[in-house]
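Biologist: Hi! I'm new to this one, could you walk me through it?
Modeller: Happy to, let's bring it up.

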Amino acid sequence: MNTLLIYFLFIPLLVLILLALNLLLATHNPDAEKVSGYESGFSPIFGQTRIPFNVQFYVIAILFLIFDLEIFYLVPFTVSIYSISSYGFSIFVIFFVILTIGFIYELGNNVINFSTRE
Amino acid sequence: MLQALYLLLEGVTVIVPVLLAVAFMTIIERKVLAATQRRVGPNTVGYYGILQPFSDALKLIIKETVIPAQANKVLFYLAPVLAIIVSLLGWAVVPFGTGLALSDFSLGVIYTLTLSSFGIYGVLFAGWSANSKYAFLGSLRATAALISYELILSSAVIIIIVLTGSFNYTQIIESQIPVWFIVPLAPIFILFFIAILAETSRVPFDLQEAESELVAGFFTEHSSIIFVLFFLAEYSSIVLFSTLTSILFLGGYNCPMIFINDTYLNLESVILGLKTCIFCFMFVWFRSTFPRIRTDQIIKFCWVSLLPMVMAFIILVPCLLVSFDWIV
């Protein structure tokens, strides 16, 4: 038994209690108009939701994936920085130079650009 | 069994003040916004309106939950539940005083970063499951901004870890006894604060809630209690990130020796609370001061301006340590 485990069980329970309170106390009488999607007073047109979206959002997600991995490769370095010698430090610098070259290549290819007019 | 009850009591003693702090954060926001705009703000319920958030919460609990017919029901409920659980779980590793943490976890910083990454799923699920144009666009924009600023946040934290050499929050606070990290790392503090403004999606980065374009962003279709859960999650993460900023940069519960005692009146926690209040106020202050910027500007600002800067600091700080012979 440790505190974190109890806390991890307790928080979802608290949220479920809140949801149950709403279920018990609130009225529920939906009708066709009430449960229709919100769309400026008209009925939503079928097939317009979940539309194809700008590919830039996808590109940013891919860039994030690579960069987050690279930053978390630095995490072991940061905690062991006082026990590795200057050899470990020079390896870190080489790793970081490669990372920077990749980043400059990405910026040079203009991947962050959202608008196509520029 | 008795031990489990005791541990549960420990959890309750953390979560009840946290929920109260979140409630008072909402009333602080409304009062400060009113003051900056020369209005009175809420002043009817309780003295000076301090009971307003409780009456709002009770009202929203007894409202009808309307679930759109086209929505994906399971994800629609799961999204706000996930958001609130993740933002409340972050309080498990926060030290409120010397040895006053639910869990003095040795990987506290990693734990916090992981939970803040998980918060993105709530936004993503909400926008996808509601099956509405506004919610979908709102969640796309929010996800892009959140994951971009996640990088700035974790990089800024990594620079602090370089100085402390530990992921443990208590050890980070102990190493700030000679000097608070805001003094040597002032530029990092600015980058970190910009990142947490974006992570909690506050003005000027609140593009997913751009009312004039997207109604209410990813929770357009959420009503009553599931809206309350999103609202609680947002304000809980504001208070949590304010606390973390004061722990990482303002020395947490560090205070002059005369204030430290073993009685029930623990002044260390009060000092941590006061430091947190400064940042909570700054969140509201920024909201009343800055205009909102466009979604592509936010992404571009992150990747073209902030990320090269934070990468430069990641290489600069260890190089300084090496050149002054702190790392042999």
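Modeller: Let's begin with a pair of helices: α1(B) and α10(B) cross each other in a right-handed way. Keep in mind as we go that this is a predicted model.

Biologist: Which residues of α1(B) and α10(B) make the contact?

Modeller: From α1(B) there are M25(B), I28(B), E29(B), V32(B), L33(B) and T36(B). From α10(B) you have C280(B), F281(B), V284(B), R287(B) and S288(B).

Biologist: And at what angle do α1 and α10 of chain B pack?

Modeller: The angle is about 40°, and the axes are 9 Å apart. Helix α1 covers residues 2-36 of chain B, while α10 covers residues 267-289. The two are therefore described as oblique to each other.

Biologist: Nice. Switching topic: how many residues does helix α9 of chain B have?

Modeller: Helix α9(B) has 26 residues, running over 224-249. From first C-alpha to last it reaches 37 Å, close to the 38 Å expected at 1.5 Å a residue.

Biologist: How many of the α9(B) residues are buried?

Modeller: The count is 24 of the 26, so α9(B) is largely enclosed by the rest of the structure. L244(B) sits in this helix.

Biologist: Is L244(B) itself buried or exposed?

Modeller: Buried: L244(B) has 26 other C-beta atoms within 10 Å, and the cut-off for calling a residue buried is 20 or more.

Biologist: How far apart are L244(B) and I84(B)?

Modeller: In sequence they are 160 residues apart, and in space their C-alpha atoms are 18 Å apart.

Biologist: What follows α9(B)?

Modeller: G251(B) follows α9(B), and the phi of that glycine is positive, near 80°. Helix α5(B) is likewise followed by a glycine, G165(B), with a positive phi near 70°.

Biologist: Okay, tell me about α5(B) then. What should its span be?

Modeller: With 32 residues (133-164) at 1.5 Å a residue, α5(B) should span 46 Å, and its end C-alpha atoms are 46 Å apart, which agrees. As for burial, α5(B) is mostly covered, with 32 of its 32 residues buried.

Biologist: Let's move to chain A. Where does UniProt place the feature "transmembrane region"?

Modeller: The unreviewed UniProt entry places that feature at residues 55-75 and 87-105 of chain A.

Biologist: What do those spans look like in the model, helix or strand?

Modeller: Residues 55-75 of chain A are 100% helix and 0% strand, with end C-alpha atoms 31 Å apart. Residues 87-105 of chain A are also 100% helix and 0% strand, and there the end C-alpha atoms lie 28 Å apart.

Biologist: Great, thanks for the tour!

Methods. Residues are numbered from 1 along each chain as its sequence is written. Chains are lettered from A and ligands numbered from 1 in the order in which they are written. This is a predicted model: local features need pLDDT of at least 70, side-chain atom pairs count only at pLDDT 80 or more; totals for chains, interfaces and linings use all residues. Helices (H or I, at least four residues) and strands (E, at least two) are DSSP runs, numbered from the N terminus. The expected span of a helix is 1.5 Å times one less than its number of residues. A residue is buried if 20 or more other C-beta atoms lie within 10 Å of its own, exposed if 12 or fewer, and partly exposed in between; C-beta atoms are placed from the backbone. UniProt positions are given in the numbering used here, feature names are shortened, and annotations may be inferred rather than shown by experiment. Axes are lines fitted to C-alpha atoms, for helices over the stretch in contact, and angles run from 0 to 180 degrees between N-to-C directions. Angles under 35 degrees count as roughly parallel, over 145 as roughly antiparallel, 65 to 115 as roughly perpendicular and the rest as oblique. A crossing is left-handed if the near helix is turned anticlockwise from the far one by less than a right angle, and right-handed if clockwise. Two residues are in contact if their C-beta atoms, placed from the backbone, lie within 7 Å.
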